[in-house]
Amino acid sequence: MRKAKYDDLMAKYENPMEHTCNVGVGQSWVSIDGQCPDGLCPEAWKIMRDFVETLAKGGGDFFDGWMRNPHSAMISCNDGFRPVSFYIETME
């Protein structure tokens, strides 16, 4: 996982915010029965839910070989000022 922060875009376009993302680099979550894990940003979950559900059902190989591990995906939340990238994979 990786977090980015675009201070130049924030200064130019964003209204000041008191609270932003709580996700920290190195955190991990496990989805049980396709549910949003406790502590995961609900907006990030909206972006990754379809990938998680597909992987949980044995699917994968998104976009015809996009990932080296066909049972994984790399997605990012939709915050254009401070996006967080998440690596999603199945567990044995």
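Mentor: Gladly! Let us start with a pair of side chains: Arg82 and Glu14 are joined by a polar contact of 2.9 Å. Keep in mind that this is a predicted model, where local features need pLDDT of at least 70, side-chain atom pairs count only at pLDDT 80 or more, and totals for chains, interfaces and linings use all residues. Residues are numbered from 1 along each chain as its sequence is written, and side-chain values use heavy atoms, with hydrogens and water left out.

Trainee: What makes the link between the side chains of Arg82 and Glu14 a polar contact?

Mentor: The term stands for a pair of N or O atoms within 3.5 Å; within protein, one must be able to donate a hydrogen and the other to accept it, and residues adjacent in sequence count only if both atoms are side-chain atoms. The Arg82 and Glu14 side chains come to 2.9 Å, so they qualify.

Trainee: Why is Arg82 called buried?

Mentor: Buried means under 20% relative accessible area, exposed over 50%, and partly exposed in between (1.4 Å probe, protein chains only). Arg82 has 9% relative accessibility, so it counts as buried.

Trainee: Where does Arg82 lie, and what does it touch?

Mentor: Arg82 belongs to the loop between β2 and β3 (84-89); helices (H or I, at least four residues) and strands (E, at least two) are DSSP runs, numbered from the N terminus. Leaving out residues up to four places away in sequence, Arg82 touches Ala4, Lys5, Met10, Glu14, Met17, Thr20, Cys21 and Cys77. Contact here means heavy atoms within 4.5 Å.

Trainee: Are Cys77 and Cys41 buried or partly exposed?

Mentor: Cys77 has 17% relative accessibility, so it counts as buried. Cys41, at 29%, counts as partly exposed.

Trainee: What makes the phi of Asp61 and Phe63 worth a look?

Mentor: Most residues other than glycine have a negative phi. Asp61 has a positive phi near 50 degrees, and Phe63 has one near 55 degrees. Asp61 sits in the loop between α2 and β2, and Phe63 is found in that loop too.

Trainee: Why do Asp61 and Phe63 get their accessibility labels?

Mentor: Asp61 has a relative accessible area of 43%, so it is partly exposed. Phe63 has 62%, so it is exposed.

Trainee: And Gly59: why is it called partly exposed?

Mentor: Its relative accessibility is 24%, so Gly59 counts as partly exposed. Gly59 is in the loop between α2 (42-56) and β2 (72-76), and it touches Thr54 and His71, not counting residues up to four places away in sequence.

Trainee: Finally, how many helices and strands does the protein have, and in which order do they run?

Mentor: There are two helices and three strands, running β-α-α-β-β from the N terminus on. Buried residues account for 24% of the 92 residues.
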